[in-house]
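Here is a short walk through one protein model. Keep the sequence and the 3D view side by side as you read.

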Amino acid sequence: MPMRRLLAAALITVVSLPALAQPSDKGTAARSRNVTTAGVTKPPGAAGASASLSPAIRGEMAKAEKAAAARDRAWDTKMRTTMGSICRGC
């Protein structure tokens with residue numbers, strides 16, 4: 001008798017899982033997220049908004065993104081050398 005209850009509970013759980021899942025529309029998900037070349041995720045309106053900006057502002061934004069990427073690389077290099085002097089691996 002307990003085995004039947006266990007099987008019934010498992011069956012109900014498996015059958016109800018798709019109903020609990022959130023609907024996914026892959027087309028909407030792809031449009032709702034914008035990722036820059038530096039890997040920064042921007043809100044949905046960011047792609048359309050950048051098109052309305054002047055070329056000078058877009059150039060400054062690209063320059064700032066490149067500078068941020070360079071700072072990140074420098075930080076990673078510094079941390080690698082610092083941690084490398086502390087830990088030589090297992």
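What pLDDT does the protein average, and what share of the residues score at least 70? The model is predicted, and its average pLDDT is 74. Of the residues, 61% score at least 70. Helix α4, residues 55-86, has the highest mean pLDDT among the elements, at 89. Helix α2, residues 26-31, has the lowest, at 52.

Now trace the fold. The protein has four helices and two strands. Starting at the N terminus, the order of elements is α-α-β-β-α-α.

The protein has 90 residues, and 2% of them are buried. Its accessible surface comes to about 7,900 Å². Carbon and sulfur atoms account for 65% of that surface.

Finish at the nonpolar patch. M3, L6 and L7 make a surface patch of about 340 Å². One of these residues, L6, sits in helix α1, which covers residues 2-20. Is L6 buried or exposed? L6 counts as exposed because its relative accessibility is 55%, and the cut-off for exposed is over 50%.

Note on methods
Residues numbered from 1 in each chain as written. Predicted model: local features only at pLDDT ≥ 70, side-chain atom pairs only at ≥ 80, totals over all residues. Heavy atoms only, no water. Patch = residues over 30% accessible without salt bridge, like charges linked within 9 Å, V, L, I, M, F, W, Y side chains within 5 Å. Areas by Shrake-Rupley, 256 points an atom, 1.4 Å probe, with all protein chains shown as cover. Salt bridge = Lys/Arg side-chain N within 4 Å of Asp/Glu carboxyl O. Buried < 20%, exposed > 50% of the residue type's maximum accessible area, 1.4 Å probe, protein only. pLDDT = per-residue confidence, 0-100.
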